[in-house]
Protein chains: 2
Amino acid sequence: MTETGITSSVITITSTLREYDLANEIAAKKADTVLAWIEKEHLSLSNVLIFGLYFTGAALASRLDKKAKVTVIDIYPHLAELINGRIDFFTHISEVPCRRWSLIIDTTGLGGVDKQTLSSLYCDALIVEDPCSDASDMCICSASNRREILMNHSAPKKGLLTTTGLNTKTSGTMTLTVAAARHAAAEAEKLCGTLYAVSAADFPERILFKERDMLQFQAVMSQPALRISSLKEIDVDAVLRESLSLIRTEIIEVETDDRC
Amino acid sequence: MTETGITSSVITITSTLREYDLANEIAAKKADTVLAWIEKEHLSLSNVLIFGLYFTGAALASRLDKKAKVTVIDIYPHLAELINGRIDFFTHISEVPCRRWSLIIDTTGLGGVDKQTLSSLYCDALIVEDPCSDASDMCICSASNRREILMNHSAPKKGLLTTTGLNTKTSGTMTLTVAAARHAAAEAEKLCGTLYAVSAADFPERILFKERDMLQFQAVMSQPALRISSLKEIDVDAVLRESLSLIRTEIIEVETDDRC
């Protein structure tokens, strides 16, 4: 959408892509990578347990729901709104009687589900999301015990889900959403005639996890991802898509003895 | 302000500095530079005309109001709320009977007050704000006729107000506010333990100039300038102040024959 800006020489261009679109696209990339690995490993899924129900957990749950019985655990009960009613949802592992799963996926990251909980469960395959990304520092790497949890687990097939490409400190979908929008803003500012670009950059996690206001969270995430002030017409959606295309996800296979 | 984040390992830190504080600080830097130049040039001010009433115009008007009779012209009548009632405000030069001024300051930038209007006025000194900054591109430099307007004016003393330091495409206070917050976010992300930083980045100009909603504009500008998700306590206000300190303003003196 293009409108006249502060003077008649300047236009304001707003992306049709919203923050939600960016977050969903990133979560979809992660989920697609997981599904491709399941296919490659010829995993036969009857039941799947997912720890962590945020963008990544929700994208995985909705895709795997078509293939197996899916159960999701998250400490925040209000997140259950993110998934359909067919999927079982619990806030603690003690509420789940089953101890044996075809596949367990841990998306909880820093400070997430503890080692004891995961090691008490049996599964044919375990995927743990690495919260570290290409620009993680020593503080963040030291704070994460996800690789250790994965390495010491008894599952016969194990994979570390990694996401990189935008030089972020973590691989979190919200981190990458903010980074993609900011990367696109910086790229838009390199174009001739751009005065400045503003990427959507609220702090929706505070609304979701502190205020627990799902409606307000959805309102914030529905805002345009990028707005620019420019002398010329620019395809801002294309700039955003270019930044999203830099994000890479992969599953690194881990043996029990590997130091991944 | 520090709160628990998405898990107990992560904290959220919010700056006490708001977007308004950043914008006012930048406008104050520009106004201080103008006042220092007035002093250095021993200008005796009886009446001052300012074109453009946004952050910079408002900061200049409130400071100069203590020294001379100040008149401000802006095409947007609702901006009159930004200044006190002692200052004369008009939306067009035709409403102003006076043609001779101690000082005229043009802050209108790209697509601003036209050459004919400025050249029809007499003054002891003329200051024109250069909309270009340290990262301006050819499109923006070509679109600006501010230097030409200044060079061809009959005023005996002339200065070009320039603002640089954050590699922005223009010197606009709003551009610099967005850039300072984004620079601080990038610096905060370099600190060990920061997961990600989010700088305030609404598009308040749309609210102010398109919707003309001053209350909503003030609400948006009152939001914290920076929020970070981190494993460690960090002084986010100090990070913002460091970014603001990089902004440099100066007045480049211009002779009628100079090619500035």
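Predicted model: local features only at pLDDT ≥ 70, side-chain atom pairs only at ≥ 80, totals over all residues.
Close-up 1. The side chain of B:Ser136 reaches the backbone nitrogen of B:Ser133, at 2.7 Å. A polar atom of the B:Ser136 side chain also lies 2.5 Å from the backbone oxygen of B:Lys169. Where does B:Ser136 sit in chain B? Its place is the loop between β7 (122-129) and α4 (138-143). Is B:Ser136 buried or exposed? Its relative accessible area is 18%. The cut-off for buried is under 20%, so B:Ser136 counts as buried. Leaving out residues up to four places away in sequence, B:Ser136 touches B:Cys141, B:Thr168, B:Lys169 and B:Thr170.

Close-up 2. Which side chain makes a polar contact with the side chain of A:Asp65? The partner is A:Asn84, at 3.3 Å. A:Asp65 also touches A:Val70, A:Arg86 and A:Ile87, again not counting residues up to four places away in sequence.

**Close-up 3. Helices α1 and α2 of chain A cross.** Helix α1 covers residues 19-40, and helix α2 covers residues 55-64. Their axes come within 8 Å and cross at roughly 50 degrees. The two helices are therefore oblique to each other. The crossing of α1(A) past α2(A) is right-handed. By class, the contact has 12 nonpolar, 2 polar and 3 charged residues.

**Close-up 4. Residues where α1(A) meets α2(A).** From α1(A) come A:Tyr20, A:Ala23, A:Asn24, A:Ala27, A:Ala28, A:Lys30, A:Ala31, A:Asp32, A:Val34, A:Leu35 and A:Ile38. From α2(A) come A:Phe55, A:Thr56, A:Ala59, A:Leu60, A:Arg63 and A:Leu64. An α-helix has 3.6 residues a turn, so residues three or four places apart point the same way. Look for that spacing in A:Ala27, A:Ala31 and A:Leu35, which are among the α1(A) residues in this contact.

**Close-up 5. Helix α2 of chain B is mostly covered.** How many of the 10 residues in this helix (residues 55-64) are buried? The count is 8. They are B:Phe55, B:Thr56, B:Gly57, B:Ala58, B:Ala59, B:Leu60, B:Ala61 and B:Leu64.

Conventions: Residues numbered from 1 in each chain as written. Chains lettered and ligands numbered in written order. Heavy atoms only, no water. Axes fitted to C-alpha atoms, helices over the stretch in contact; angles between N-to-C directions. Helix = DSSP H or I, 4+ residues; strand = E, 2+ residues; numbered from the N terminus. Parallel < 35°, antiparallel > 145°, perpendicular 65-115°, else oblique. Left-handed = near helix turned anticlockwise from the far one by under 90°. Contact = heavy atoms within 4.5 Å. Nonpolar A, V, L, I, M, F, W, Y, C, P; charged D, E, K, R; others polar. Buried < 20%, exposed > 50% of the residue type's maximum accessible area, 1.4 Å probe, protein only. Polar contact = N/O pair within 3.5 Å; in protein donor to acceptor, adjacent residues only side chain to side chain.
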